Amino acid sequence: MGEVDPAFIQAPEHRPKLSVIEAQGIPLIDLSVLNSPDDTINDDALVAEIGDACKRWGFFQVINHGVPLEKRQRIEEAARKFFAQPLEEKRKVRRDEEKVLGYYDTEHTKNVRDWKEVFDLTVHDPTFIPASLDPDDEETDEWHNQWPEYPPELREACEEYAKEMEKLAFKLMTLIALSLGLPGNRFQGFFKDQTSFIRLNHYPPCPAPNLALGLGRHTDSGALTILAQDNVGGLEVKRKSDGDWIRVKPTPDAYIINVGDIIQVWSNEAYESVEHRVTANSERERFSIPYFLIPAHYTVVKPLDELTNELNPAKYRAYNWGKFFTTRKLSNFKKLSVENIQISHFKIQELSNKLEGGLTIT
Ligand code: OGA
Ligand code: NI
């Protein structure tokens, strides 16, 4: 990545501050009570703790989560080996308009280039995604993973890790449902044909960490994210109480959990999907692995009936997850100068503005 191309430079208001606030901030939640053989999750104190963290921060870390450390170490080591290869090797599995999964080093967030390279894979292979933006077109594309030759263990490491992530994600979704006063299995049906994916992130050292970001500010558009970060640090979360960027301190073997846009809509904003970003580092490279839990493409995302009433009417119009996602994907490939589609486009107060803007997706 060498010299700093202007494509990486953030507008002044989005550049990171030199002094970092490393508050203990985001809650650390111990999940050991879930490790009992009994399958039912009904620990009131834990449910309350999760609800509180979702409401106040939208982010928390979990320990004693039941994911074997060796599975995490295996995928982390395989990721390091993959990214350490020369660019031409990595580009053999690069993603393009046809093969949408694999290696990519020109990711943009809000039209500014991120100082990182990624490798994407879906948890279910194949994964089905709408072929076009046309709301009446039911045709889907099949997405298949691309696996590199090296390191040969990458595939199995990813597949095994994905299974662990799925187990943890479902436990967390049960806790979140209970914390909203819903039956524990309320969200389960949405994930039958899930479009969840895993991203291996590599953030190389950057000569201009004051101008560029490893990953620009954004919210995650899925339901829930489970992130493994290494011990370098750099993830910052926008604190809801005052808008300050707070560094998430690396905690060995912990996972960072955050609520995504879909939970924000399902919960009618009881829980919000909070902005976060990754600062760049001039000395140390950094690795991270997010798992994004995302429903089936045909899911119609809207505030749950149980969580809305006359006093608390739905704040969003329904949208089709697959069409929303395809809209984003296409605008990424075409590098459209418009802002990517956001859930705010479905906010009910904003409906009249958006119609003027000619947004047609439903
Ligand atoms: C993401 C993300 C954080 C990190 O990929 O959406 O927020 O630490 N990653 O890499
Ligand atoms: Ni994110």
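Select Leu46, Val47, Ile50, Gly51 and Cys54 in α1, then Leu172, Leu175, Ile176, Leu178 and Ser179 in α4: these two sets are in contact (heavy atoms within 4.5 Å). By class, this contact has eight nonpolar, two polar and no charged residues (Ala, Val, Leu, Ile, Met, Phe, Trp, Tyr, Cys and Pro count as nonpolar, Asp, Glu, Lys and Arg as charged, the others, Gly among them, as polar).

This is a predicted model: local features need pLDDT of at least 70, side-chain atom pairs pLDDT 80 or more, while totals for chains, interfaces and linings use all residues. Residues count from 1 along each chain as written, chains are lettered from A and ligands numbered from 1 in written order, and side-chain values use heavy atoms, without hydrogens and water.

Now show all of α1 (44-56) and α4 (154-179). Their axes lie 8 Å apart at about 85 degrees (lines fitted to C-alpha atoms over the stretch in contact, angles from 0 to 180 degrees between N-to-C directions). The helices are therefore roughly perpendicular (65 to 115 degrees).

Next, go to ligand 1. Its shell holds 13 residues, with Tyr203, His218, His276, Arg286 and Ser288 nearest (a heavy atom within 4 Å). Seven are nonpolar, four polar and two charged. β16 gives the largest share, four residues.

Arg286 has one at 2.8 Å. For His276, the distance is 3.0 Å. For Asp220, it is 3.2 Å. Finish with a surface: ligand 1 alone exposes 290 Å², and the protein buries 95% of that (Shrake-Rupley, 1.4 Å probe).

Technical notes. A polar contact is a pair of N or O atoms within 3.5 Å; within protein, one must be able to donate a hydrogen and the other to accept it, and residues adjacent in sequence count only if both atoms are side-chain atoms. Angles under 35 degrees count as roughly parallel, over 145 as roughly antiparallel, 65 to 115 as roughly perpendicular and the rest as oblique.
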